[in-house]
Amino acid sequence: MIIDAHAHLAQSKRRIEELVAELRALGMEASIQGGVGPEDWDRQLELARLEPRLIRPVLGLHPWWVLEHTESQCREALADLEQRLSGGLSSGVRPVALGELGLDYFRDETRDASGLEKEVFEAQLQIAVRAGLPVVLHVVHAHEAALQILGQASRSPEGGGGFRGLVHAFSGSYEVARQYLALGLKLSIGPGIAQPGRFKQLKAALPRLSPSDWVLESDGEGPELFRAARAAAVLVGRSADEVLEQSGEGVRAVFQL
Ligand SMILES: [Zn+2]
């Protein structure tokens, strides 16, 4: 069972027939998407209508999208998102999660001076809880702030003590990993782990984690998933097939496929 935990097929310039043929040739059973903003959601839903078992939509406002839009545009998009996730879709295709949502302080730690990114993150967590959906988190150079928001949300009466979902493209330390796991989340490992000399904290953490704590993603169109699997397999002393199988089971459990 091969499942890509995080892909961006809606961002591809290639024809859908070509993408699907490639995924089938790779033995891909399902590809979980990462949402960016309303235009990307429309494209995902269009693709999912054509290939509903293979392409699984995930709708959310990516932190980069939030950065590029005004407060009122964000509010409008949040209302649109809630409507689409609460059964307002006419297409009959159901999103499997809310995401990407989170915080990205990579380029500039002070860039969220207005607090809009945090506000949209919190609002999306509430929408996910109301819709009963898992979350796909995007957190870059902002684990402390994100964990604080997640912890608070999980302790709210609706929060239920934790979340179902993934921390996509995780590259943090063992200690940071433990905090996400304690909230009920799994870590999603991308092809970055295959780069020599990079992701040192993650490379040290992976062998200390349980195989059921993490899954694998391409963060692209699909083929990159196998690069991530080979690199992760070497680190944990197992075969690429074994880690792909384990990852597929994990993804299934998170998104209730
Ligand atoms: Zn992504």
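Guide: Begin with a pair of strands. β6 and strand β7 (residues 165-168) pair in the parallel sense over four bridges. Keep in mind that this is a predicted model.

Visitor: In β7, which residue is the bridge partner of His 138?

Guide: The partner is His 168.

Visitor: What holds such strands together in general?

Guide: Strands of a sheet pair through backbone hydrogen bonds, and the pairing is either parallel or antiparallel. Now look at the other side of β6. Strand β5 (residues 97-104) joins β6 through six bridges, and the two run parallel. There, Leu 98 stands opposite Val 135 of β6.

Visitor: Is β6 (residues 135-140) mostly covered or mostly open?

Guide: Mostly covered. Five of the six residues of β6 are buried.

Visitor: In what order do the six strands of this open sheet run?

Guide: The order is β4-β5-β6-β7-β8-β9, and the pairing is parallel. β4 (58-59) and β9 (214-216) are the edges; each has a single partner strand, so one side of each lacks a neighbour in the sheet. Look at the β9 end. Strand β8 (residues 186-189) and β9 run parallel and are joined by three bridges. Ser 188 stands opposite Val 215 in β9.

Visitor: Which strands does α5 touch where it packs on the sheet?

Guide: α5 touches β5 and β6. The direction of α5 makes about 160 degrees with that of β5.

Visitor: Now the other sheet. What is the order of its three strands?

Guide: It is an open sheet in the order β1-β2-β3, with parallel pairing. The edge strands are β1 (2-7) and β3 (55-56), and each pairs on one side only. β1 and strand β2 (residues 28-33) run parallel, joined by four bridges. Ile 3 stands opposite Ala 30 in β2. Asp 4 stands opposite Ser 31 in β2.

Visitor: How many of the six residues of β2 are buried?

Guide: Five are, so β2 is largely enclosed by the rest of the structure.

Visitor: Next, helix pairs. What is the angle between α4 and α5?

Guide: Read the angle together with the axis distance. Helix α4 (residues 71-85) and helix α5 (residues 116-131) pack at about 10 degrees, with their axes 10 Å apart. An angle under 35 degrees counts as roughly parallel. α4 and α5 are therefore roughly parallel to each other. Their crossing is right-handed.

Visitor: Which residues of α4 and α5 meet?

Guide: From α4 come Glu 71, Cys 74, Leu 78, Leu 81, Glu 82 and Leu 85. From α5 come Leu 116, Val 120, Ala 123, Ile 127 and Ala 131. By class, the residues of this contact of α4 with α5 are nine nonpolar, no polar and two charged.

Visitor: At what angle do α9 and α10 pack?

Guide: Helix α9 (residues 224-236) and helix α10 (residues 240-255) pack at about 105 degrees, with their axes 8 Å apart. That makes α9 roughly perpendicular to α10. Ala 229, Arg 230, Ala 232, Ala 233 and Val 236 in α9 meet Ala 240, Glu 242, Val 243 and Leu 244 in α10. The contact of α9 with α10 has seven nonpolar, no polar and two charged residues.

Visitor: Last topic, single residues. Is Leu 103 buried or exposed?

Guide: Count neighbours. A residue is buried if 20 or more other C-beta atoms lie within 10 Å of its own, and exposed if 12 or fewer do. Leu 103 lies in strand β5. Leu 103 has 23 other C-beta atoms within 10 Å, so it is buried.

Visitor: What does Leu 103 touch, leaving out residues up to four places away in sequence?

Guide: Leu 103 touches Pro 63, Glu 117, Lys 118, Phe 121, Val 139, Ala 142, Ala 145 and Ala 146. Leu 103 and Leu 150 are 47 residues apart in sequence and 11 Å apart in space, C-alpha to C-alpha.

Visitor: And where is Gly 27 placed?

Guide: Gly 27 is in the loop between α1 (16-25) and β2. Gly 27 counts as exposed because it has 10 C-beta neighbours inside 10 Å. Gly 27 and Ile 2 are 25 residues apart along the chain, and their C-alpha atoms are separated by 6.5 Å.

Key
Residues numbered from 1 in each chain as written. Predicted model: local features only at pLDDT ≥ 70, side-chain atom pairs only at ≥ 80, totals over all residues. Axes fitted to C-alpha atoms, helices over the stretch in contact; angles between N-to-C directions. Parallel < 35°, antiparallel > 145°, perpendicular 65-115°, else oblique. Left-handed = near helix turned anticlockwise from the far one by under 90°. Contact = placed C-beta atoms within 7 Å. Nonpolar A, V, L, I, M, F, W, Y, C, P; charged D, E, K, R; others polar. Pairing = 2+ DSSP bridges.
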